Structure formats: C-alpha cells, structure tokens
Amino acid sequence: MSTVVNDTTIHDLGYRRYEGAREGVRGAWRVLFAQGFRAMFGIGRPLKSKAVPAFVLAATMLPCLATLAASSATKGQLPIMYGNLIESQLILFVLFAAAQAPELLSHDQQHRVLPLILTRDVTRDVYASARLAAVWCALLVVSAAPLLLLYIGEIGIAVDPAAAFTKMGTKAGPVLMQATLTAWVIGAIGAAMASMTARRAYATASVIGLFLVATAVSIGLDDLAGVSADVSGFVDPLRSLHKMSLILFGEKNRAMDLAAPPPLWMFVALALALGAVGAIATCWRVRRVRV
C-alpha cells in the first residue's frame with residue numbers, strides 16, 4: 001500500500017510498528033547504565049573480557065582471607081589492619097578502571113556508534129552521566145568487596161560474634177565511606193582519561209600513566225627541602241586515599257607517629273574534588289566528540 005502526500009509517495013513495506021511504551025530519558029539512561037555496568041565486568045562478552053575483573057577480585061579478596069585465617073589461628077592476637085590491605089589494593093583498582101572503563105567510553109567512539117546512541121531523548125549529558133555512574137558503581141563493588149569481607153570475617157572469627165558485632169558497629173561507616181570515595185576518585189579520573197581517545201590501548205595507558213606520574217611527582221616532592229610529607233601526599237590520589245583509610249580505621253604508620261596527619265575532612269574534600277574534576281572532564285569531552 002502507498003500513500004501520496006504533497007506529491008511525495010510514502011510506501012508501507014509492511015514492517016511491524018513499535019506499539020510498546022516509550023520510557024523516554026529515564027529508560028534510555030537505565031539501559032545505558034545497565035549495559036555499561038555489565039561491560040565493566042565483561043558480562044555478555046567473550047571470556048577474555050572477564051580476565052581483568054576476575055583477577056582483580058581474586059587478588060583483592062585472597063589477602064583478606066589470609067589475614068582472617070591468620071587472625072583466627074592466633075585467636076585475635078594478630079590484629080586485622082584495614083589500612084595496610086587497602087594500600088596494596090589501590091593499584092589493582094586503578095588496573096580495573098584502566099582495563100574496563102575504555103570499554104564504555106573509548107569503544108563507542110572507535111566504532112562510531114555514538115550517532116546511533118545520541119538520538120531523540122539521549123543527549124550527550126545523559127550519555128556521560130550514565131557511563132560515569134556505571135564506572136563508579138562497578139568500582140564501588142570491587143572496592144567494597146574486600147572491606148566487607150574483612151568486616152564480616154572479623155565478626156565471624158570472634159569468640160563471641162554477637163559482642164563483636166556490637167563492637168564492630170563503628171567500623172560500618174568507615175567501610176562504606178572508604179569504598180565510596182575510592183570508587184569516586186579512581187572511577188571518575190579513569191572515565192575522564194578513557195573518554196579522551198578512541199583508541200582503547202591509548203586510553204588504558206593514559207589512566208595508568210596519570211596515576212604513576214602523580215605518584216612519581218609526590219615522591220619527588222618528598223625529597224625536596226621545605227616540602228612536607230602532608231603537602232606532597234595530597235598530590236598523589238592513591239597516597240591520600242591510603243592515609244584517609246588509616247585515619248578512618250584508627251590506624252597509624254611510622255610517618256603518622258612522627259607527625260600528626262591533617263584532619264580527616266581535608267582528605268574527604270580532596271577526594272570529592274578529584275572525583276568532581278574527573279566527572280566534569282568526562283562531560284566536557286563527551287560534549288566535544290564528533291559524531
């Protein structure tokens with residue numbers, strides 16, 4: 001069947017029309033977020049896409065299990081130190097962000113699918129916010145898993161789990177805060193760097209390189225006369241996240257024994273600011289991608 005409108009012929013080829021509900025911006029955002037979250041863990045993709053997430057989860061959980069086993073064997077004589085474990089895990093979280101964030105933000109640019117996504121209700125800001133949320137939530141899962149394992153395991157290995165649960169109530173807040181801010185900082189910065197290029201290899205290298213450069217600059221400032229360790233520590237996001245964890249869980253290292261660290265609110269403000277800069281940079285880049 002064909003219809004003539006203003007001397008233009010419209011042919012009905014018999015394709016089935018969509019008669020379902022149109023969910024608009026919220027539905028599009030949910031789809032982009034869900035697909036991005038699944039992609040961060042390689043769900044629905046080839047086996048090699050799951051290698052890095054599986055490695056990071058195993059490498060962060062196994063030391064926690066070993067710590068819990070050692071503490072249980074010594075009947076609590078060997079204390080569980082959250083801060084020391086977090087220090088060794090931060091670089092693994094960076095590896096996770098560097099390997100998986102480009103799958104969301106570089107992949108779409110490389111294969112030129114943004115023109116298909118940025119249609120109708122999906123604006124560039126909607127796209128950027130959905131991708132950022134997916135990266136942050138995936139990193140929140142990865143960073144919270146070992147802390148929750150330590151928290152629950154410390155209660156489980158106690159002689160009196162009920163009394164230990166009451167005593168451990170004060171650690172629930174630090175566990176959630178540390179995991180949330182760690183995911184916010186590393187996720188936002190990783191998303192920002194991944195969005196800057198359409199080449200996945202370059203995106204991965206830029207994420208790792210940025211954190212390594214920050215660490216090198218921070219160590220270099222330590223060797224300069226007149227620069228305190230507190231000031232140089234704020235240059236390195238990983239170093240500041242580690243020191244924040246020590247303060248949150250009431251632990252100390254040698255440097256903190258020699259000089260009192262800055263107050264906790266300064267580390268929280270720095271983490272929020274770094275994440276905000278990364279989120280703004282991601283939105284800025286997405287707005288300028290050619291489609």
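**Inside the core**

I began with Leu 139, which, apart from its neighbours within four places in sequence, is in contact with Phe 93, Phe 96, Ala 97, Ala 183, Ile 186 and Gly 187. Contact here means heavy atoms within 4.5 Å.

I noted that this is a predicted model, where local features need pLDDT of at least 70 and side-chain atom pairs count only at pLDDT 80 or more, while totals for chains, interfaces and linings use all residues. Residues are numbered from 1 along each chain as its sequence is written, and side-chain values use heavy atoms, with hydrogens and water left out.

Next I looked up the largest nonpolar core, which has 63 residues; Tyr 82, Phe 96, Tyr 127, Leu 139 and Ile 186 touch the most other members. Helix 5 (residues 124-156) gives the largest share of this core, 14 residues. A nonpolar core is a set of buried Ala, Val, Leu, Ile, Met, Phe, Trp, Tyr and Cys residues joined through side-chain atoms within 4.5 Å. Buried means under 20% relative accessible area, exposed over 50%, and partly exposed in between (1.4 Å probe, protein chains only).

**The whole chain**

I found 12 helices and two strands in the protein chain. Helices (H or I, at least four residues) and strands (E, at least two) are DSSP runs, numbered from the N terminus. Of the 291 residues in the chain, 41% are buried.

**Thr 60**

Buried or exposed: which is Thr 60? Thr 60 counts as buried because its relative accessibility is 0%. I located Thr 60 in helix 2 (residues 51-73). Leaving aside neighbours within four places in sequence, Thr 60 is in contact with Gln 89, Leu 92, Phe 93 and Pro 146.

**Aromatic rings**

I looked up the aromatic pairs and found six in the structure. Trp 29 and Phe 33 form a stacked one, with 5.4 Å centre to centre and 5° between the planes. Rings of Phe, Tyr and Trp (its six-membered ring) pair if their centres lie within 6.5 Å; planes under 30 degrees apart count as stacked, over 60 as edge-to-face and the rest as tilted. Both Trp 29 and Phe 33 lie in helix 1 (residues 24-40), four residues apart, about one turn of the helix.

Tyr 82 and Phe 249 are stacked too, because their ring centres are 4.6 Å apart and their planes are at 10°. This pair links distant parts of the chain, with Tyr 82 in helix 3 (residues 82-110) and Phe 249 in the loop between helix 10 (237-248) and helix 11 (254-258), 167 residues apart.
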